[in-house]
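Please open the model in your viewer, show it as a cartoon, and keep the selection tool at hand. The stops below are meant to be taken in order.

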Amino acid sequence: MNVAILISGQMRTADLCVESIKEHVYARLPLVSIPKTDLCRQDYATYAATAADEDAHKIELFPRVLGMTEPQPDLPEKNYAASLGLGCYGVQVVLRQLWALRRAWQIMEGDGYRPDWVIRLRPDCYFHNDIENLADCDPTAVYVPTFHNFYGLNDRFAFGGYEAMRVYCNRLDNMDEYVEAGGIFQPESHLLSTLRQANIPIRRTRVLFDLVRKGGKHVKPEWNKDADYGDVTEV
């Protein structure tokens, strides 16, 4: 079993979060026996698409990274603002996040790496507990957190098998179709719609993490029953 970890976006507080990520994500990756020895190794690679700013160098804190640091582009906003959903404060920031995530996937594919599992994480997540044992999980599904599922599904962390995560990581490609069909321009809603449209099972990871803002403020997990679609366990 091999694993790819995709990191995308701005690295502002990566230095405050990286040790928790190593402890609760990297350390949980499956061990693979090396033939004809009694040694084991963790068979994984990290791919990153990070913004070219004063914090870009922090990607070097993560192990075994292949990535690209480049200016974030100004992406066409089209008529998306007319469909802006609650809690979404700008079109460009959402488009850039999705662009960077897709870019990380492209870097992985360009490296010729086709993992069994893909983990998508943001470098501003401070983890409190371990992710699940991948050997016990469903590779056809995408696993998302139980919290911050506002009007859809939490889009800040996920893992799943290669084909399921290919849809997850490239959902910028279907934004026009989604909005034209009446979809709300809001990342959690768009994610839920994308996975359902592709008939990808949705499971829950019980992992917990804070978001760490610049300056060190921790945003704690929040469960909002009025805004959630509930505990979606499968499509």
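What follows is a walk through a predicted model, from its sheet to its cores and then to some individual side chains.

Begin with the sheet, which is open and consists of seven strands in the order β5-β4-β1-β6-β9-β8-β10, with mixed pairing. Its edge strands are β5, residues 65-70, and β10, residues 202-205, each of which pairs on one side only. Neighbouring strands here are turned against each other by 20 degrees on average, direction ignored.

Next, select residues 142-145, which make up β8, together with β10: the two strands pair in the parallel sense over four bridges, and P145 stands opposite T205 of β10.

Which residues have the most contacts inside the largest nonpolar core? In this core of 32 residues they are I5, I7, F62, I119 and F157. At least two residues each are supplied by β1, α1, β4, β6, β7, β9 and β11, and the largest share, four residues, comes from α1. If you centre the view on I5 and leave aside its neighbours within four places in sequence, you will find it in contact with V25, Y26, L29, A45, T46, Y47, I119 and L121. A second, separate core has 27 residues, W105, V167, L191 and I200 among them.

The next selection is D124, whose place is in the loop between β6 and β7. Is D124 buried or exposed? Its relative accessible area is 8%, so D124 counts as buried, the limit being under 20%. The side chain of D124 makes a polar contact of 2.7 Å with the side chain of R122, and, beyond four places in sequence, D124 is in contact with T13, C17, D210, L211 and V212.

Finish with the aromatic rings, which form 12 pairs in total. Select Y47 and Y113, a tilted pair at 6.0 Å centre to centre with 40 degrees between the planes; because Y47 lies in strand β4 and Y113 in the loop between α2 and β6, this pair ties together parts that are 66 residues apart in sequence. Both Y47 and Y113 are buried. Then select F147 and F209, whose ring centres are 5.0 Å apart and whose planes stand at 65 degrees, so the pair is edge-to-face. F147 and F209 are both buried, and they belong to one aromatic cluster that also includes W117, F127, Y143, F157, F159 and W223.

Notes
Residues numbered from 1 in each chain as written. Predicted model: local features only at pLDDT ≥ 70, side-chain atom pairs only at ≥ 80, totals over all residues. Heavy atoms only, no water. Pairing = 2+ DSSP bridges. Axes fitted to C-alpha atoms, helices over the stretch in contact; angles between N-to-C directions. Core = buried A, V, L, I, M, F, W, Y, C linked by side-chain atoms within 4.5 Å. Buried < 20%, exposed > 50% of the residue type's maximum accessible area, 1.4 Å probe, protein only. Contact = heavy atoms within 4.5 Å. Polar contact = N/O pair within 3.5 Å; in protein donor to acceptor, adjacent residues only side chain to side chain. Phe/Tyr/Trp six-rings, centres within 6.5 Å; stacked < 30°, edge-to-face > 60°.
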